[in-house]
Amino acid sequence: MQLKVLVLGGDGFCGWPTSLHLARKGCDVTIVDNLSRRLIDERYATASLTPICDPDERIRAWEELTGQRIGFVNLDLGKSFDGLVDLLASTKPDAIVHFAEQRSAPFSMKSPAEKRYTISNNVRATHDLVCALSECAQSPHVVHLGSMGVYGYKSTGFARPEGYLTILTQTGNGLKEDEILYPADPESVYHLTKALDQLIFQYYAKNNGLRITDLHQGIVWGTQTPETALDERLINRFDYDGDFGTVLNRFLVQAVLGYPLTVYGSGGQTRAFIHIRDTVRGIEQSLRNPPARGDRVRILNQVTETHRVLDLATMVSEVSGTPYQMVDNPRFEHAENELEVSNEQFLDLGIRPTRLHDALLTEVTDIARRYIDRCDTSTIPARSVWQQAQADLADAEDVASASGPAPLAAE
Ligand code: NAD
Ligand code: USQ
C-alpha cells in the first residue's frame, strides 16, 4: 500500500502502533503530534506503565531496525492553522488518520478547566483539519477515530447500526423512509466532542465533498502489535491510572498487583471492545477502501465484541486469583445496559477479530508483570467524578479530590 499518510496523534496509544503498521505495509508515514498526552502525564503525575521512549528515539529505533524513515512534526492541531495548511501543501498526503484528541472521559469531567480544554482541543482540532482540507486542491481521505459512546448506552432492544438510523416519518403522502445520523447521546464531555465531530464531518462531506471515514471504536485493550514488539524502544504506552486507564487494561494490572479489581457500581455496564491489533488492521483496511468524493461520511463500528464489566472482572479474577470489589461509581451512567452492536461493514473489510478469550490476554498480563515495579498504586483509584453531588458523597479513600494541578489551557 503505497500511500503518503499523515498520522495526527501518532505518538499516542493507538497512533504509534498504527504508524508502524502502516509504515510496514509500505506507506510513507509522517506523525503529527503536539505531545500533549505526555504533558498531561507530567502535570497530573501519571505515567505509562511501560517505559515509552521519546518520539525521536522511537523513530530512530524503527529506522535502525527496518530502514524505513517515519517523519515527525510537532504541531498543535486546532491552534496552528497556518502550520497545518503549510504541512498539507508541502506533504500532499493521500490520506490522514486523525487520532489527535484528548481521549479520556474521566479526565474530561474533572472540573470546568478540563471540560473546556477537552471541548476546545478536540473540536478545534477536527474543525481546523477539515476546514484546511476544504481549501486544498487535493482531497486526502480522512480516517477519524470516533467512539461507540456517541450512541450512548441506553438499552434499545436493537443493534446499534453503523452510524445511520433508518426512520419513517408520517407525511401528507404517507410514510417516508429516510436515514439520519444515529441520535447522539453522549455521557461525558469527551464523548460529546465525538458527537460534535460527526456533525462537522457530515457538513464538510456534504458541502465540500471531503472523503471521510469515521470509525466508531470501542474500548481498546491490549498493548503490543507485532511492530511495537520488535524492540523495547518501540514499546507502546499502557495507561492504568484512574483517568486514562481503560477498564480491561486496568483490571489486568490490578490482577498482577493483587489489588482488588475496581468494579464501578454494580458492574452491569456493557461496553464494546477491540484489541489494539484489530484497531491498526481496521485503519489499514479503511485506508484501502476510501469512500468516493460526494459520498456521505462512511461510519463503521470498529468493535469486535461486547462484555459486561462484571463479567470481565469475574473472568480476570478467576484467572488471577485477585478478587474484585464493587466501589461507588464515580460516573453518571446507566447502572446496567444491554448493548448489541452491528459491525458487518467493519468485518467485511476482512478483519478476523482477536477475541478476549484468546491467549492474548496473557500478552497484556506479561507486560503488566514485566513492568509492575513502575506502577504507582496511588494513581489507581478514580480521581474524577461526574457530578459534584457524587463528589461530596464519595468515599475519600475510593475517590480522591476532584481538584488537581493546573490543567492545560483551553484557549
Ligand atoms: P492518546 O491520548 O494515547 O493519543 C492521542 C495523541 O494525540 C497523543 O499523542 C496526543 O499528544 C495527541 N494530541 C492530542 N491533541 C492534539 C492536538 N491538538 N494536536 C496534536 N496532537 C494532539 O489516545 P489514544 O488512546 O491513542 O486514542 C486515539 C484516538 O482514538 C482518540 O481520538 C480517541 O478518542 C480514539 N479512541 C480511543 C479508544 C481507546 O480505548 N484508547 C477507543 C475509541 C476511540
Ligand atoms: N469501569 C469500571 N472500573 C474501572 C474503570 C472503568 O467499572 O476501573 C467501567 C466504567 O464505569 C465504564 C466502563 O468500565 O462503564 C468503561 O470505562 P473505560 O474507562 O474503560 O472506557 P470509557 O470511559 O468509555 O472510554 C474509553 C476510551 C475512550 C473511547 C471509549 C470507547 O478512553 O477514548 O472513546 O473507551 S466507548 O466506551 O466504546 O465509547
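This is a predicted model: local features need pLDDT of at least 70, side-chain atom pairs count only at pLDDT 80 or more; totals for chains, interfaces and linings use all residues.
Residues are numbered from 1 along each chain as its sequence is written, while chains are lettered from A and ligands numbered from 1 in the order in which they are written. Local features need pLDDT of at least 70 and side-chain atom pairs count only at pLDDT 80 or more, whereas totals for chains, interfaces and linings use all residues.

Let us begin with the sheet. Seven strands form an open sheet in the order β3-β2-β1-β4-β5-β8-β12, with parallel pairing; strands (E, at least two residues) and helices (H or I, at least four) are DSSP runs numbered from the N terminus, and two strands pair if DSSP finds at least two bridges between them. At the edges lie β3 (71–73) and β12 (298–302), each pairing on one side only. From one strand to the next, the twist averages 20°. The parallel strands β1 and β2 are joined by five bridges, and V5 has V29 in β2 as its bridge partner.

Helix α1 (residues 15–24) is largely enclosed by the rest of the structure, because nine of its ten residues are buried (20 or more other C-beta atoms within 10 Å of the residue's own, with C-beta atoms placed from the backbone). Among the buried residues are W16, L20 and L22. Their cover includes β1 (4–8), β2 (28–32), α3 (55–66), β4 (95–98) and α9 (276–288), where contact puts C-beta atoms, placed from the backbone, within 7 Å. After α1 comes G26, with a positive phi near 105°.

Technical notes:
A residue is buried if 20 or more other C-beta atoms lie within 10 Å of its own, exposed if 12 or fewer, and partly exposed in between; C-beta atoms are placed from the backbone. Two residues are in contact if their C-beta atoms, placed from the backbone, lie within 7 Å. Axes are lines fitted to C-alpha atoms, for helices over the stretch in contact, and angles run from 0 to 180 degrees between N-to-C directions.
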